[in-house]
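Please read the points with the structure open.

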Amino acid sequence: MHLTAHCLCAVPSRALGVLIQLLKAKPTLSWPWTEVYHCLLMSPRHHQEPTKDPVILNALLHICKTMHDSVNALTLEDEKRMLAHLINGFIKMVSFGRDFEQQLSFYVESRSMFCNLEPVLVQLIHSVNRLAMETRKVMKGNHSRKTAAFV
């Protein structure tokens with residue numbers, strides 16, 4: 001499986017749907033699947049530039065949710081740290097540009113999905129704070145009714 005995981009780094013975005021179908025067939029997370037997840041999420045194509053492509057976001061969100069759901073009382077701290085690092089990388093790569101409401105909705109949904117990993121919750125808090133600062137910067141401190149309710 002080690003070789004297969006390295007080959008998956010070159011998976012085009014449209015093939016992520018096929019991978020998701022495979023994951024749904026066997027939802028339990030074992031070590032080889034963790035390696036596949038790691039390879040997909042750490043691939044340079046997905047890790048360097050922000051994205052709002054719904055296909056990529058849904059596929060990677062499903063992968064991250066499956067990783068999160070695999071955490072239990074017997075999970076080692078190192079594995080929890082690794083999973084949190086991968087999920088945080090995914091959260092950082094999601095950007096809806098100036099659509100602040102959609103970005104906030106994503107953070108709220110992520111908070112409900114990844115509640116068992118404290119480093120992920122910390123990242124989400126920082127991301128929401130950064131979003132509030134960006135909103136203030138764009139509005140130059142003079143909020144409209146819509147942005148005042150948002151902040």
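1. The model is predicted: local features need pLDDT of at least 70, side-chain atom pairs count only at pLDDT 80 or more, and totals for chains, interfaces and linings use all residues. Residues are numbered from 1 along each chain as its sequence is written, and side-chain values use heavy atoms, with hydrogens and water left out.

2. Helix 6 (residues 77-93) and helix 8 (residues 118-139) have axes that come within 9 Å and cross at roughly 20 degrees. Helices here are DSSP runs (H or I, at least four residues), numbered from the N terminus. Axes are lines fitted to C-alpha atoms over the stretch in contact, and angles run from 0 to 180 degrees between N-to-C directions. Helix 6 and helix 8 are therefore roughly parallel (angles under 35 degrees).

3. On the helix 6 side, the contact (heavy atoms within 4.5 Å) is made by Ala-84, Ile-87, Asn-88, Ile-91 and Lys-92; helix 8 supplies Pro-119, Val-120, Gln-123, Leu-124 and Ser-127. Six of these residues are nonpolar, three polar and one charged. Ala, Val, Leu, Ile, Met, Phe, Trp, Tyr, Cys and Pro count as nonpolar, Asp, Glu, Lys and Arg as charged, and the others, Gly among them, as polar.

4. Helix 7 (residues 100-113) packs on helix 8 at about 165 degrees, with the axes 10 Å apart. That makes helix 7 roughly antiparallel to helix 8 (angles over 145 degrees).

5. In helix 7, the residues that meet helix 8 include Phe-100, Leu-104 and Tyr-107; their partners include Leu-121, Val-128 and Leu-131. This contact divides into eight nonpolar, four polar and two charged residues.

Conventions:
Helices (H or I, at least four residues) and strands (E, at least two) are DSSP runs, numbered from the N terminus. Angles under 35 degrees count as roughly parallel, over 145 as roughly antiparallel, 65 to 115 as roughly perpendicular and the rest as oblique.
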